[in-house]
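Subject: Structure for your review

Dear colleague,

Please find the structure below, followed by my notes on what was found in it. I would be glad if you read the two side by side.

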Amino acid sequence: MRSRDYDESDVRVRPGKSSRPRTKVRPTHDSAESAMVISVDRGRWGCVLGGDPERLVVAMRARELGRTPIVVGDSVDIVGDLSGRSDTLARIIRVADRTSVLRRTADDTDPFERIVVANAQQLLIVVALADPPPRSGFVERTLIAAYTGGLTPVLALTKGDLANAAEFAQLFEDLGLTVVNAGIEDPIEPINDLLDGKVTALIGHSGVGKSTMVNRIIPDAFRPVGDVTGVGKGRHTSTQSVAFPLPSGRGWVIDTPGVRSFGLAHISSNDVITPFADLADAIENCPRGCTHLGPPADPECELDKLEGQSARRVAAVRIMLTSLIANETY
Ligand SMILES: Nc1nc2c(ncn2[C@@H]2O[C@H](COP(=O)(O)OP(=O)(O)O)[C@@H](O)[C@H]2O)c(=O)[nH]1
Ligand SMILES: [Mg+2]
Ligand SMILES: [Zn+2]
């Protein structure tokens with residue numbers, strides 16, 4: 001879907017002045033260039049023209065966009081001074097339709113949803129096998145956010161030198177997830193291969209080794225390691241996502257802020273099942289109001305008629321559903 005060409009007169013409405021003849025030549029936006037948003041800071045958006053990391057401009061949001069959210073990963077059109085010189089400020093005049101959204105609510109009772117990252121193809125969920133111990137509930141909830149937002153989830157396991165990966169990885173195998181070992185003693189090449197040519201969002205609890213991993217992938221990123229200054233107080237913790245270009249120039253990694261909660265108030269049980277084609281077909285025939293958890297809650301759930309790999313997927317998806325319904329935050 002492509003929005004029609006923009007003109008300021010389309011959106012700026014000045015009550016009471018509408019009858020005034022428009023004689024002035026208004027600026028056109030023929031010179032607009034497309035860019036990708038790579039950072040957000042207090043009403044200023046860092047944008048790279050044509051997705052080229054070397055062509056960075058800082059932009060504000062054009063007044064006519066009102067409070068339209070503009071997030072890291074967004075594809076935008078910008079006008080004005082595009083030289084990128086310091087002290088210049090361009091304007092974002094249009095935000096393209098998003099191909100994916102990683103969104104969350106502050107917690108399950110807060111219906112206000114925030115988009116954390118736009119247009120990422122994959123979500124790399126970073127989990128430590130020990131110190132801190134893995135919490136599968138967090139993984140399940142981020143998986144739900146990925147599947148329902150149109151991102152392909154990948155599980156990256158760190159600290160394999162401290163604990164065995166097999167048991168934890170098994171939990172997620174039946175979903176068909178790609179699982180990669182990503183600790184300091186693991187080779188970095190398999191991760192680089194996964195990232196090549198893609199925009200990948202990264203998420204993980206504080207202390208799991210996310211910054212350590214980013215610094216191995218992108219030495220220029222200089223992510224602070226072992227940074228606990230903000231824990232508890234919220235001070236000094238980054239609250240926004242930020243995108244880093246891969247050294248190859250083919251793709252981006254978007255580091256997301258440390259999440260203390262990953263609310264999913266905007267997600268329903270059916271939303272979780274729909275991404276899995278075999279399961280989505282089956283629930284068409286479920287009784288009204290079926291929560292798809294199976295007996296005893298749902299003795300007639302159609303998911304219980306599936307066999308083989310589909311049945312194993314049902315079990316795995318039901319773990320996600322249980323997490324969703326438990327209304328917990330992690
Ligand atoms: N043993 C071990 N320690 C790790 C590994 N990866 C990171 N760490 C350590 O874990 C701590 C937290 O790492 P950091 O990258 O800051 O985690 P972040 O909060 O997720 O960004 C640091 O002391 C790292 O040196 C790993 O694979 N094994
Ligand atoms: Mg960090
Ligand atoms: Zn059902």
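Is Asn119 buried or exposed? Asn119 is buried, because its relative accessible area is 14%, where buried means under 20% relative accessible area, exposed over 50% and partly exposed in between, with a 1.4 Å probe and protein chains only. Asn119 lies in the loop between strand S7 (113-118) and S8, and its phi is near 65°, a positive value in a residue other than glycine. Helices (H or I, at least four residues) and strands (E, at least two) are DSSP runs, numbered from the N terminus.

Before going further, please note that this is a predicted model, in which local features need pLDDT of at least 70 and side-chain atom pairs count only at pLDDT 80 or more, while totals for chains, interfaces and linings use all residues. Residues are numbered from 1 along each chain as its sequence is written, chains are lettered from A and ligands numbered from 1 in the order in which they are written, and side-chain values use heavy atoms, with hydrogens and water left out.

Cys286 counts as buried because its relative accessibility is 13%, and Cys290 is buried with a relative accessible area of 14%. His292, which is placed in the loop between H7 and H8, is buried at 3%, and its phi, near 65°, is a positive value in a residue other than glycine.

The loop between helix H7 (277-283) and helix H8 (308-326) also holds Glu302, which counts as buried at 17% relative accessibility. The side chain of Glu302 makes a polar contact with the side chain of Lys305 at 3.0 Å; such a contact is a pair of N or O atoms within 3.5 Å, where, within protein, one must be able to donate a hydrogen and the other to accept it, and residues adjacent in sequence count only if both atoms are side-chain atoms. Pro296 is found in the loop between H7 and H8, and the peptide bond from Pro295 to Pro296 is cis, with omega near 5°.

Ligand 1

Ligand 1 is surrounded by 15 residues, the closest being Gly207, Lys210, Ser211, Thr212 and Gly226, where a residue is counted if one of its heavy atoms lies within 4 Å. A nitrogen atom of ligand 1 is 2.9 Å from an N or O atom in the side chain of Asp161, and an oxygen atom of ligand 1 is 3.0 Å from a polar backbone atom of Gly209.

Other points

Ala128, in strand S8 (residues 122-128), counts as buried at 1% relative accessibility.
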